[in-house]
Amino acid sequence: MFFELVYDKSLAQASYVVGCQAAGIAAVIDPKRDVDTYLQIAQANNLKITHILETHIHADFLSGSRELAALTGAEMFLSDEGDENWKYEFPHTKIKGGDVIKMNNLTFEVIHTPGHTPESVSFLLTDKPASSEPVMLFTGDFVFVGDVGRPDLLEQAAGIKGTQDIGAAQMYDSLHEFAKLGDYIQVWPGHGAGSACGKALGAVPSTTVGYEKIRNWALQLLNDKQAFTQELLADQPEPPKYFAMMKKLNKVDRKLLTEVPKIKNLSKEEFAQIKAEGLKIIDTRPWVDYATANLKGTLSITNNNSFSTYMGWYMNYEESFIVIAEEAQVEDIMRKLMRIGLDNLSGFITPAQLMEFEAGNLSSYTPITKETVKEKIAEGGVQVVDVRGAAEFKKGHIEAADNLVLGKLYNNLDKIAKDKPVIIHCQAGGRAAIAYSILQAEGFENILNYAGGMNDWALEEKTIAVTA
């Protein structure tokens, strides 16, 4: 058997290539959209991709199943569980719990594991030449390392009311079935630490059924459904705005993108035209560089592992936009955007071009220190805005701070003062820098960035307000 994990750090998303070397064929499970990765793996190992398997209709990334099928001719095996709202709307092979997908010496038994979503399935792999017993379980967003999939996304992100309690009950039942599996079976989940599909995902890539029985919080509560449900729904991170669009695009017959587009480097005249047309300009430099010299109206979203998530919060799927980025980073940026379906990147300029094109028009700011924050709070007449998530705020915050979650900032501009200084902060500086650029673009002129954030505040402070 051939096996390779493909891990996308930008979305903490795992996909898998599983091959039967005797037959020279392979399956890809939950592929990301820039599918050249899988083609290269297959070619390097003399394999032909013939099977594509999906665990569920994903909310956090745009599946590459259809792109991969278009390029390879592979058969797509997709869940036919759930009601009519959870059916794929393009040609595919339908699978249900109890079905067995054969791939020469390998078999994938389909297990219906609802909870995260109604149509969720897991794949139990048996490598026949090695053993008649199953060896691996691909769980998608059902069971993670140390956590389980959240059941509230349909309600919180897609607005389908009443689904989170149903999902929690289904998850409880699905976990009872999971606990019956052999302790030795390896568990390969769809996400790792950093994903918004759960709240306590582990950082290691895999686990076993037996280890999760003794470690995973959810499996410790299978004798108390009420306590399980309460804990499962409590303090989940805010689902990014783009999740609802992913649910739609992963179901419907959409436009395919079978290669990574080449992005144009804009001339000074073209950049001027972009500004005149009012297209959004995303500055992907580290936020400290943005603070040193920035063009008002641009958004500071650093090209790091959170880039896709924050682009998904702030961009819609109709508007074109450009980025400020080093040329060597543009392909990486485009791949990250492709993975959430943001295909309208229409050009880029480099930081050097920014300095050349906008010489004399650039702004700057200096983050303030904890001492300055204390002084201004003591003086009064200042608003402190904490842009962290609600669960983070609940664990501890600066007294009298207002919690306005970064991803929802555009919806809460009316709650930010324009008649007095506003101090913004997060945990360590990155999110506050994004907030600063948003507020600056929206015309707020008295914003102060406490870049040290709660990491700095908590170092010496003995009193941090905690919400009960």
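1. The charged end of Arg-66 lies over the ring of Phe-90, 4.8 Å from the ring centre. Lys-32 does likewise with Tyr-38, its charged end being 5.7 Å from the centre of that ring. A charge is taken to sit over a ring if NZ of Lys or CZ of Arg is within 6 Å of the ring centre and within 35 degrees of the ring normal.

2. On the basis of these points: this is a predicted model, in which local features need pLDDT of at least 70 and side-chain atom pairs count only at pLDDT 80 or more, while totals for chains, interfaces and linings use all residues. Residues are numbered from 1 along each chain as its sequence is written, and side-chain values use heavy atoms, with hydrogens and water left out.

3. A cavity is a set of points on a 1 Å grid over the protein atoms alone where a 1.4 Å probe fits but cannot get out; a pocket is an open set with protein on both sides within 12 Å along at least five of seven lines; lining residues have an atom within 4 Å of a point. The search of the whole structure gives one cavity of 30 Å³ or more, and the largest cavity holds about 50 Å³. Grid points are joined across faces, edges and corners, and a volume is the space filled by probe spheres set on the points. Two nonpolar, three polar and three charged residues make up the cavity lining. In this count Ala, Val, Leu, Ile, Met, Phe, Trp, Tyr, Cys and Pro are nonpolar, Asp, Glu, Lys and Arg are charged, and the others, Gly among them, are polar.

4. The second largest pocket has a volume of about 290 Å³.

5. The largest pocket has a volume of about 1100 Å³. Its lining has 48 residues, and those closest to the centre are Gly-194, Pro-237, Tyr-310, Glu-392 and Arg-431. Helices H10 (307-314), H14 (390-395) and H15 (430-441) each contribute at least two lining residues. Helices (H or I, at least four residues) and strands (E, at least two) are DSSP runs, numbered from the N terminus. By class, the lining has 24 nonpolar, 15 polar and nine charged residues.

6. There are 15 aromatic pairs in the whole structure. The Tyr-16 and Trp-188 rings have centres 5.8 Å apart and planes at 75°, so this pair is edge-to-face. Rings of Phe, Tyr and Trp (its six-membered ring) pair if their centres lie within 6.5 Å; planes under 30 degrees apart count as stacked, over 60 as edge-to-face and the rest as tilted. Ring pairs join Phe-3, Tyr-16, Phe-138 and Trp-188 in a cluster. Tyr-16 is buried at 2% relative accessibility, and Trp-188 is buried at 11%. Buried means under 20% relative accessible area, exposed over 50%, partly exposed in between (1.4 Å probe, protein chains only).

7. Strand S19 (residues 422-425) is covered on both faces: Val-422 and Ile-424 are buried on one side, Ile-423 and His-425 on the other. S19 pairs in the parallel sense with strand S17 (residues 383-386) over four bridges, and with strand S20 (residues 447-449), again in the parallel sense, over three bridges. Two strands pair if DSSP finds at least two bridges between them. Val-422 is the bridge partner of Gln-383, and Leu-448 is that of Ile-423.

8. Two backbone angles deserve a look. Most residues other than glycine have a negative phi. Asn-46, not a glycine, has a positive phi of about 55°; Asn-46 is in the loop between helix H1 (36-44) and strand S4 (48-53) and is exposed at 67% relative accessible area. Ala-400 has a positive phi of about 75°. Ala-400 is in the loop between H14 and strand S18 (402-403) and counts as exposed at 69%.
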